[in-house]
Amino acid sequence: LHLLSDRRGIPKAKPWTQKADTCWFRGAATGDVDFENNKRVVVCRLADQIAGVDSKLTSAPGGSADFIENCRRAGIMAAPTSFAEMNNHRYLLDVDGNTTSWDRYLRIGLLGGVPIRFEPQWTEYWHDQLVEGKNVVTVDRTTFADQLAALRCDERRSKAIAQRASELARTELSREA
């Protein structure tokens, strides 16, 4: 029911030229309970090594005291933000957690960002509609920096991916669809 609920509060997508050239992620530290194996932790730590990537955790529900302390020591915790903050960035990360990626992809698409899936593990029924390089870009820890650099160097390609993601969100994933 959550996925089909009314999406009030999603602003109109900002024009590409008004978005920062950053790759952005905010989310809870869901997924693996082991600090070293948690993909959201991995992407946040990796972000420190790649220029123009801003990836932080906003909470650690169910995380042990050691897990939370490791996050704090690593400097990967930040205050929660509204989903509208996604509208300020061109490249938006989607990292598997404990729930469906439908909602995040829908928001990325409606806000006109390039969806970048980081080391996806789960396959959902709608994922057959994702076409690599057409409406999504998939990266892992070894390809992330190069793939992001390639997207930044080819703005036309990046805008086309964002546009196709927006089209998929509107025509297949929205409540109206």
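Which residues touch the most other members of the largest nonpolar core? The legends below begin with that core. The structure is a predicted model, in which local features need pLDDT of at least 70 and side-chain atom pairs count only at pLDDT 80 or more, whereas totals for chains, interfaces and linings use all residues. Residues are numbered from 1 along each chain as its sequence is written, and side-chain values use heavy atoms, with hydrogens and water left out.

**View 1. The largest nonpolar core and its most connected members.** Leu 93, Val 114, Ile 116 and Phe 144 touch the most other members of this core, which holds 31 residues. A nonpolar core is here a set of buried Ala, Val, Leu, Ile, Met, Phe, Trp, Tyr and Cys residues joined through side-chain atoms within 4.5 Å; buried means under 20% relative accessible area, exposed means over 50%, and partly exposed lies in between, with a 1.4 Å probe and protein chains only. Helix α1 gives the most to the core, with six residues; helices (H or I, at least four residues) and strands (E, at least two) are DSSP runs numbered from the N terminus. A second, separate core of ten residues includes Trp 102, Tyr 105, Leu 168 and Ala 169.

**View 2. The surroundings of Val 114.** With contact taken as heavy atoms within 4.5 Å, and with residues up to four places away in sequence not counted, Val 114 touches Trp 16, Arg 90, Tyr 91, Leu 92, Ile 108, Val 137, Leu 151, Ser 158, Ile 161 and Ala 162.

**View 3. Helix α3 and its cover.** Helix α3 spans residues 102–110 and is mostly covered, eight of its nine residues being buried. The buried residues are Trp 102, Asp 103, Arg 104, Tyr 105, Leu 106, Arg 107, Ile 108 and Gly 109. What covers them includes β1 (20–28), α1 (39–47), β3 (89–95), β4 (114–118) and α5 (155–173). Just after α3, Gly 112 takes a positive phi of about 75°.

View 4. Five strands form an open sheet in the order β2-β1-β3-β4-β5, with parallel pairing, where two strands pair if DSSP finds at least two bridges between them. The edge strands are β2 (53–59) and β5 (137–139), each of which pairs on one side only. The twist averages 25° from one strand to the next, with axes fitted as lines to C-alpha atoms (for helices over the stretch in contact) and angles running from 0 to 180 degrees between N-to-C directions. Five bridges join β3 to β4, which run parallel, and the bridge partner of Leu 92 in β4 is Pro 115. Helix α5 packs on the sheet and touches β3, β4 and β5, its direction making about 85° with that of β4.

**View 5. Cysteines without a disulfide partner.** The structure holds zero disulfides, a disulfide being a pair of cysteine sulfur atoms within 2.5 Å. Cys 44 is in no disulfide, and the nearest cysteine sulfur, that of Cys 71, is 8.0 Å away; Cys 44 counts as buried, at 0% relative accessibility. Cys 153, by contrast, counts as exposed at 74% relative accessibility, and its sulfur is 15 Å from the closest cysteine sulfur, in Cys 23, which is too far for a bond.

View 6. In one of them, the side chains of Asp 21 and Arg 152 meet at 3.5 Å, N to O. The pair links distant parts of the chain, since Asp 21 is in strand β1 and Arg 152 is in helix α4 (residues 144–153), 131 residues apart. Asp 21 is partly exposed, with a relative accessible area of 35%, and Arg 152 is also partly exposed, at 24%.

View 7. The side chains of Glu 119 and Arg 141 meet in a salt bridge at 2.6 Å, N to O. Glu 119 lies in the loop between β4 and β5 and Arg 141 in the loop between β5 and α4, so the pair ties together parts that are 22 residues apart in sequence. Glu 119 counts as buried at 13% relative accessibility, whereas Arg 141 is partly exposed, with a relative accessible area of 42%. Elsewhere, salt bridges that share partners join Asp 21, Arg 90, Arg 152 and Glu 155 into one network.

How values were computed:
A salt bridge is a side-chain nitrogen of Lys or Arg within 4 Å of a carboxyl oxygen of Asp or Glu.
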